[in-house]
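Biologist: Please show me the model, and let me ask how each label was reached.

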Amino acid sequence: MKRPPPSPTEAERAELTGRAGLCASCRHLQLLRSPNSLFVRCARSDHDTAFPRYPPLPVFACPGHAPTGEVSG
Ligand code: SF4
């Protein structure tokens with residue numbers, strides 16, 4: 001079974017601020033790296049098809065946004 005990518009670090013989230021919008025501060029954020037690119041993946045899409053796997057960035061409004069550290073959702 002494939003393992004999920006590790007949780008983004010605070011430095012990675014800071015790097016995304018401004019480019020990714022709400023995803024940068026969301027606990028559902030997953031980051032996938034290739035040698036030349038960084039992809040923002042929404043883990044919420046694994047269980048809810050209403051959320052795109054790779055959301056168009058930046059995300060300015062999202063009903064699934066859950067700030068890091070928040071336990072619900
Ligand atoms: S739930 Fe919304 S804000 Fe959170 S990672 Fe997915 S698309 Fe981004």
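Biologist: Where is Pro58 placed?

Modeller: Pro58 lies in the segment after S2. Strands (E, at least two residues) and helices (H or I, at least four) are DSSP runs, numbered from the N terminus. The model is a predicted one, in which local features need pLDDT of at least 70, side-chain atom pairs count only at pLDDT 80 or more, and totals for chains, interfaces and linings use all residues. Residue numbers start from 1 along each chain as its sequence is written.

Biologist: What kind of peptide bond runs from Leu57 to Pro58?

Modeller: A cis one, with omega near -5°.

Biologist: What makes S1 and S2 a pair?

Modeller: Pairing requires that DSSP find at least two bridges between two strands. Strand S1 (residues 29–33) and S2 are joined by five bridges, so they pair, and they run antiparallel. A hairpin through four residues joins S1 to S2. Across the pair, Arg33 stands opposite Leu38 and Gln30 stands opposite Arg41.

Biologist: Why is Leu31 called partly exposed?

Modeller: The count is of other C-beta atoms within 10 Å of the residue's own, with C-beta atoms placed from the backbone: 20 or more is buried, 12 or fewer is exposed, and in between is partly exposed. Leu31 has 19, so Leu31 falls in between. Leu31 is in strand S1.

Biologist: Which residues is Leu31 in contact with, leaving aside neighbours within four places in sequence?

Modeller: Pro5, Pro8, Glu12, Leu38 and Val40. Contact here is C-beta atoms, placed from the backbone, within 7 Å. Phe60 is 29 residues from Leu31 along the chain, and their C-alpha atoms are separated by 18 Å.

Biologist: Is Tyr54 buried or exposed?

Modeller: Tyr54 has 11 other C-beta atoms within 10 Å, so Tyr54 is exposed. Tyr54 sits in the segment after strand S2 (38–42). Leaving aside neighbours within four places in sequence, Tyr54 is in contact with Phe39, Val40 and Arg41. Tyr54 and Thr17 are 37 residues apart in sequence and 17 Å apart in space, C-alpha to C-alpha.

Biologist: How many residues are in the largest nonpolar core?

Modeller: Seven: Leu16, Ala20, Cys23, Ala24, Cys26, Leu29 and Val40. A nonpolar core is a set of buried Ala, Val, Leu, Ile, Met, Phe, Trp, Tyr and Cys residues joined through C-beta atoms within 7 Å. Not counting residues up to four places away in sequence, Ala24 touches Arg13, Leu16 and Thr17. Buried residues make up 18% of the 73 residues in the chain.

Biologist: What is around the ligand?

Modeller: There are 13 residues around the ligand, and Cys23, Cys26, Cys42, Cys62 and Gly64 come nearest. To be near, a residue needs its C-beta atom, placed from the backbone, within 6 Å of the molecule or strand. By class, the shell has nine nonpolar, three polar and one charged residues. Ala, Val, Leu, Ile, Met, Phe, Trp, Tyr, Cys and Pro count as nonpolar, Asp, Glu, Lys and Arg as charged, and the others, Gly among them, as polar.

Methods
Two residues are in contact if their C-beta atoms, placed from the backbone, lie within 7 Å.
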